[in-house]
Amino acid sequence: MTIKIAPSILAADFGRLAEEVKAVCAAGADYIHVDVMDGRYVPNISIGQPVVRAIKRASDVPLDVHLMIEEPERYLESFAESGADILTVHVEASVHLHRTLTAIRALGMRAGVTLNPGTPVGALEAVLDEVDMVLVMSVNPGFGGQTFIARTLERVRTVREMTRARGLSIDIEVDGGVVVENAGEIAAAGANVFVSGTGIFRTPDYAQTIAAMRAAAERAATTTTQ
Ligand code: DX5
Ligand code: ZN
């Protein structure tokens, strides 16, 4: 699977948002990861559709929109119109998860489903055919700058085994506490999409950080059976 680096805009300087988006695109980002938080599903409130539209205008790579909101099914169309290319929802946030994922694809977006650190991996079984990406959270969602939960690696391995067993080439994304130093072990576990907020935006040279993260992941991925 191709390694993709997705800087999380949550850690950018919001006062210079367009500039920051352009800078990470120029630095080699494959996606821009956009965290939408409603203050209900997660304790924090971040940004909504008007800001997603502004990010879209500044970006020349696909937008990977991570919805941390209750009842995401109510907003699928408006995020599609705002420029989301990949739309990811949490297992616990949508009562009719299967219907929600099908609706995301019907709107022309790629569908992602997200597991919190406390969500059983088995929750994926029934919806795996309806998704293009599985997001395995490596922190509890709501805040940037938290520490990577080590047990995530084992969970990523289980998800990768599940997709292989079903003959599906689904992206596995990891989000939370991802830095250059742990990118190798995350890739070795079977993930190929790397979200990183503070791990990229709090470094002086975005291009150098993204290149180092990609190199570490690619090295580990080729030395393990992908
Ligand atoms: C957390 C968000 C993340 C966050 C990651 O709820 O989903 O995307 O921005 O931030 P870092 O990489 O700083 O842990
Ligand atoms: Zn996120």
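This is a predicted model: local features need pLDDT of at least 70, side-chain atom pairs count only at pLDDT 80 or more; totals for chains, interfaces and linings use all residues.
Visitor: Which residues come nearest to ligand 1?

Guide: A residue is near a molecule if one of its heavy atoms lies within 4 Å of it. Around ligand 1 there are 20 residues, and those that come nearest are S8, G142, D175, G197 and T198. By class, the shell divides into seven nonpolar, eleven polar and two charged residues, where Ala, Val, Leu, Ile, Met, Phe, Trp, Tyr, Cys and Pro count as nonpolar, Asp, Glu, Lys and Arg as charged, and the others, Gly among them, as polar.

Visitor: Which side-chain or backbone atoms lie by the oxygen atoms of ligand 1?

Guide: A polar contact is a pair of N or O atoms within 3.5 Å. In this structure an N or O atom in the side chain of H66 is 3.2 Å from an oxygen atom of ligand 1, a backbone N or O atom of G145 lies 2.9 Å from an oxygen atom of the ligand, and a polar side-chain atom of T198 lies 2.7 Å from a ligand oxygen. Taken alone, ligand 1 exposes 380 Å², of which the protein buries 99%, the areas coming from the Shrake-Rupley method with a 1.4 Å probe.

Visitor: What kind of space does ligand 1 take, and which elements give residues to its shell?

Guide: On a 1 Å grid over the protein atoms alone, a pocket is an open set of points with protein on both sides within 12 Å along at least five of seven lines, and a molecule sits in a pocket if more than half of its atoms lie within 2 Å of its grid points. The space taken by ligand 1 is the largest pocket. The elements that give two or more residues to the shell are β2 (32–37), β3 (63–68) and β8 (193–196), and β2 gives the most, with three residues; strands are DSSP runs of E with at least two residues, and helices are runs of H or I with at least four, numbered from the N terminus.

Visitor: Is E71 buried, partly exposed or exposed, and what is its phi?

Guide: Buried means under 20% relative accessible area, exposed over 50%, and partly exposed in between, with a 1.4 Å probe and protein chains only. E71, found in the loop between β3 and α3 (76–82), is partly exposed because its relative accessible area is 40%. The phi of E71 is near 45°, a positive value in a residue other than glycine.

Visitor: Where do P120 and A189 lie, and is each buried or exposed?

Guide: P120 lies in the loop between β5 (110–115) and β6 (133–137) and counts as exposed because its relative accessibility is 57%. A189, by contrast, has its place in helix α6 (residues 180–189) and is buried, with a relative accessible area of 4%.

Methods: Residues are numbered from 1 along each chain as its sequence is written. Chains are lettered from A and ligands numbered from 1 in the order in which they are written. Side-chain values use heavy atoms; hydrogens and water are left out. A polar contact is a pair of N or O atoms within 3.5 Å; within protein, one must be able to donate a hydrogen and the other to accept it, and residues adjacent in sequence count only if both atoms are side-chain atoms. On a 1 Å grid over the protein atoms alone, a cavity is a set of points where a 1.4 Å probe fits but cannot get out, and a pocket is an open set with protein on both sides within 12 Å along at least five of seven lines; lining residues have an atom within 4 Å of a point.
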